[in-house]
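Q: Please take a close look at the part of this model where its two chains meet. A connected account of the contact and of the side chains around it would be welcome.

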Amino acid sequence: MRTKEANVLYPEGRVRDPSAAAVAGKYWAIFRTQLLNSLAYPIDLLGRSLLIILFMWIFMNLWRVTYGATGARSIAGLTLADTMWYLMMAEAVMLSKRDLSETISEQVKDGSVAYLLNKPFNFILYHFAAGLGGSVLAFGGNLIIGTAVVWLMVGPPPGMTGWIFAGAAVALSWLLDFCFSALIGLSAFVVEETNAFRWIYQKFLLLLGGVLIPLDFFPAWLQTVSLNLPFAWIIYGPARLFVDPSLARLGRVFLQQGIWLAVVGGIVWFIYRRAAARLVINGG
Amino acid sequence: MGSHLAFVLALWRTNLLSAMEYRVSFLTQVVGMMLNNAIYFVFWIIFFARFEEINGWDLVDMFFLFGVVATGFGAGTYLFGNAVRLSSLIASGQMDYYLSLPRPVLLHALASRSNASSAGDFMYGLLSFGAAVIFSGTFNGLMLLRFALGCLASIAVLISFLVLVQSLTFWIGNTNLLTTNAFNAIVTFSLYPITLFDGTAKLLLFTLIPAAFIGALPAEFVRRFDLLQLAQICAGGGIFLFLSVFVFYRGLRRYESGNAIQVRM
């Protein structure tokens, strides 16, 4: 199946492929529109970022008591400050990612997918560009507020390298997370109810992704299992890079993210093409 | 009073029959929510396997805590499903329907909807309580009674808190963001051991965000009887219930109809 955005009619009716820049420009416009849309509601944006204060405060209490009880300066190589900065980055990623599975699922169930399929863009890439527009600002808000709070609690953040490495990894995290969201949303073509998949995926991220606790604190066998699953590379990878940046770690995070993107992205593409080909629209 | 009870029972029956029309969807959500909660609880199993206890709280306490919170939250949001969307009913003028009928407005509005996933929370809460009983090695009829009482208090405070926060819609308009943050705050705080928090934070958890009345306090009471805790639970439930009803009806005087035509099927 040729995707619609790849086909542009010549005046005489022949079809040519638009340049990559033209295609990228289209999704850039969608991204920018969503970004501007989010900027139009700054209070809303700020309000959503306040949640990170709540989580950081609870984590601070939990881990301060825990470190105090063990009497150790560091646990699994992480000091209390490292743990808090790790959790700040993990929460910032978690709270800023846009869960598009519900939107996609609703569009499949109520049939509005039909109106999006005949537009001159790819349904999946459209949602990714729009979601990314919302995530970027939310991530910025969460980082600013989260950094201020954690700085007050445990002192200054890691150096600039950590910010740069983690920032690069977060971009791929969003892409990988979006693939899972799309997979859950597209499952509405097959099953009636997709909420359960969404909840369970979120909990896998919280636990096996390392949002609630750094994977370094897991028993060895569970750590091995977690690191061989994609969830760790959505949250743990960037957050651990933030507190312990090294080229070796960066390479490993990129490699794992790349592998899982190819696997999950490939599945999404396959399912989308099959589902779109089998779509039956009744009425109009 | 008797007619109100019969009315609410009829609403709950209708909600259940409605959910049974989509049986597979209902069961998927129930099982999914139970799995969701179970996966979350694994965090505490891992945590206590490594650190054993925090300020006197251990894994068994967490089973009791999740038992009370999940049962209370599940029952509360299943039986009074509109408690999580009251602000949008007020803001969009959808209270007209409830105002036009000779039934208590708040009770009618809250009980008119049931959330299928909440039944999963309820079931998970019972399982967690069962696990707590097994691991603590103590069980008697009185504990069951304390569990029922603790869950009732938990439901009363949770639903009252949600009504209180969303009643602000009558005065300040859109409270979606406030509702989301308040909901997240109360659920999150209620699922952590109260011994983590110091004096000021504790005061907050008994007043502004009354998570202690939803989780830690009833959970401790269920595990071992304490007269003072019993008094606190009853007082907390009663006070928040009274406050929410009072504030809601005060706010209702300011309600403006949406004049929208609504069809209920």
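A: Chain B and chain A bury about 3,000 Å² between them, and carbon and sulfur atoms give 79% of that area. The model is a predicted one. On the side of chain B, Ile39(B), Ile46(B) and Leu177(B) supply 18% of the area buried against chain A, more than any other three residues. The contact involves 35 residues from chain A and 32 residues from chain B.

Polar pairing across this interface can be stated in two counts. The rule finds 0 salt bridges between chain B and chain A, and it finds 5 residue pairs in polar contact, both partners being at pLDDT 80 or more. As for secondary structure, α2, α10 (176-190) and α11 (199-206) of chain B each supply at least two residues of the side that touches chain A. Of these, α2(B) provides the largest share of that side, with 17 residues.

A search of the whole structure gives 44 aromatic pairs over all chains. One of them is formed by Phe217(A) and Phe51(B): the ring centres lie 6.5 Å apart and the planes stand at 85°, so the geometry is edge-to-face. Because Phe217(A) belongs to the loop between α9 (195-207) and α10 (220-227) of chain A, while Phe51(B) belongs to helix α2 (residues 23-51) of chain B, this pair joins two chains. Phe217(A) is buried at a relative accessible area of 1%, and Phe51(B) is buried at 12%; the cut-off for this class is under 20%.

The two rings are also members of a cluster linked by ring pairs, which consists of Trp63(A), Phe217(A), Phe43(B), Trp44(B), Phe47(B), Phe48(B), Phe51(B) and Tyr192(B). Leaving aside residues up to four places away in sequence, Trp63(A) touches Leu80(A), Thr83(A), Leu87(A), Leu212(A), Ile213(A) and Phe217(A) in chain A, together with Phe47(B) and Phe51(B) in chain B.

The side chains of Asp216(A) and Arg240(A) form a salt bridge, with N to O at 3.1 Å. Asp216(A) lies in the loop between α9 and α10 of chain A and Arg240(A) in helix α11 (residues 236-243) of chain A, so the bridge ties together parts 24 residues apart in sequence. Both Asp216(A) and Arg240(A) are buried, the latter at 7% relative accessibility. Arg240(A) also forms a salt bridge with Asp244(A), the closest N and O atoms being 4.0 Å apart. Asp244(A) is partly exposed, at 31%, and it meets Arg249(A) in a further salt bridge of 3.0 Å, N to O. Arg249(A) counts as partly exposed at 23% relative accessibility. Through shared partners, these salt bridges join Asp216(A), Arg240(A), Asp244(A) and Arg249(A) into one network.

Notes: Residues numbered from 1 in each chain as written. Chains lettered and ligands numbered in written order. Predicted model: local features only at pLDDT ≥ 70, side-chain atom pairs only at ≥ 80, totals over all residues. Heavy atoms only, no water. Contact = heavy atoms within 4.5 Å. Phe/Tyr/Trp six-rings, centres within 6.5 Å; stacked < 30°, edge-to-face > 60°. Helix = DSSP H or I, 4+ residues; strand = E, 2+ residues; numbered from the N terminus. Buried < 20%, exposed > 50% of the residue type's maximum accessible area, 1.4 Å probe, protein only. Buried area = accessible area lost by both parts, 1.4 Å probe. Polar contact = N/O pair within 3.5 Å; in protein donor to acceptor, adjacent residues only side chain to side chain.
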